[in-house]
Amino acid sequence: MPEHTDTYEHLISLLDSSSVDHRLIDHEPEGATEAVCALRGHPASEAAKCIVLRVKVDRRTTRHVLAVVPGDRRVDLDAVRALFAARYVGFSDAQTAERLARAVPGTVLPFSFDPDLELVADPDVVAQPKLYFNAARLDRSLLISGADYERLAKPRVERIATPASV
């Protein structure tokens with residue numbers, strides 16, 4: 001899989017130029033939410049889980065959405081479908097997700113640096129005092145506040161998460 005060091009550098013540059021308090025955390029390479037939370041030493045509820053979705057609005061219109069939910073929850077596809085008045089919502093294929101997110105699976109940022117990837121975050125993500133996510137790398141994560149994340153990433157904030165057990 002290709003490295004996306006440009007995505008990592010873009011993120012760090014954005015954080016530095018915005019004077020956002022953040023902390024880099026080096027750890028063993030890991031992309032699975034539960035496992036990387038254990039490595040970083042925090043509850044999954046403080047992690048940003050990032051999923052690229054394919055949203056078919058009608059037969060001719062497909063949009064791509066980066067859905068960001070707390071790490072202990074899952075994306076509510078029905079809520080996303082209703083949000084976009086779409087006919088269908090599903091997970092994007094890996095190649096499309098990597099191209100739009102500019103990151104390999106397991107390292108997708110809760111930021112969109114592609115105009116074709118719409119960013120939607122659950123309110124519980126932006127409300128986190130501490131928000132952890134992989135920094136476009138499997139071996140490095142970032143910690144920022146949910147408020148700083150919202151200010152920098154400018155996501156559309158909508159209720160799109162549902163309990164993982166549902």
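Which backbone oxygen does the side chain of Thr7 reach at 2.5 Å? It's the one on Arg102, and that counts as a polar contact (a pair of N or O atoms within 3.5 Å; within protein, one must be able to donate a hydrogen and the other to accept it, and residues adjacent in sequence count only if both atoms are side-chain atoms). Before going on, a word of caution: this is a predicted model, where local features need pLDDT of at least 70 and side-chain atom pairs count only at pLDDT 80 or more, while totals for chains, interfaces and linings use all residues. Residues are numbered from 1 along each chain as its sequence is written, and side-chain values use heavy atoms, with hydrogens and water left out.

Back to Thr7, which sits in helix 1, residues 5–17. Helices here are DSSP runs of H or I with at least four residues, strands are runs of E with at least two, and both are numbered from the N terminus. Thr7 counts as buried because its relative accessibility is 2%; buried means under 20% relative accessible area, exposed over 50%, and partly exposed in between, using a 1.4 Å probe and protein chains only. Leaving out residues up to four places away in sequence, Thr7 touches Ala101, Arg102, Leu109, Phe113 and Ala136, where a contact means heavy atoms within 4.5 Å.

Now look at helix 2, residues 33–40, whose buried residues are Thr33, Val36, Cys37 and Arg40. They lie on the same side of helix 2 because they cover an arc of only 105 degrees around the axis, going by the directions from the helix axis to the C-beta atoms. Glu34 and Ala38, on the other side, are exposed. The buried residues pack against strand 1 (23–26), strand 2 (48–56), strand 7 (131–137) and strand 8 (140–144).

What about the nonpolar interior? In soluble globular proteins, nonpolar side chains tend to be buried together. Here the largest nonpolar core has 32 residues, and those with the most contacts inside it include Leu11, Val68 and Phe133. Such a core is a set of buried Ala, Val, Leu, Ile, Met, Phe, Trp, Tyr and Cys residues joined through side-chain atoms within 4.5 Å. Another core, of 14 residues, lies apart from it, with Val69 and Ala86 among them.

Stepping back, the protein chain has 6 helices and 10 strands, and buried residues make up 49% of its 166 residues.
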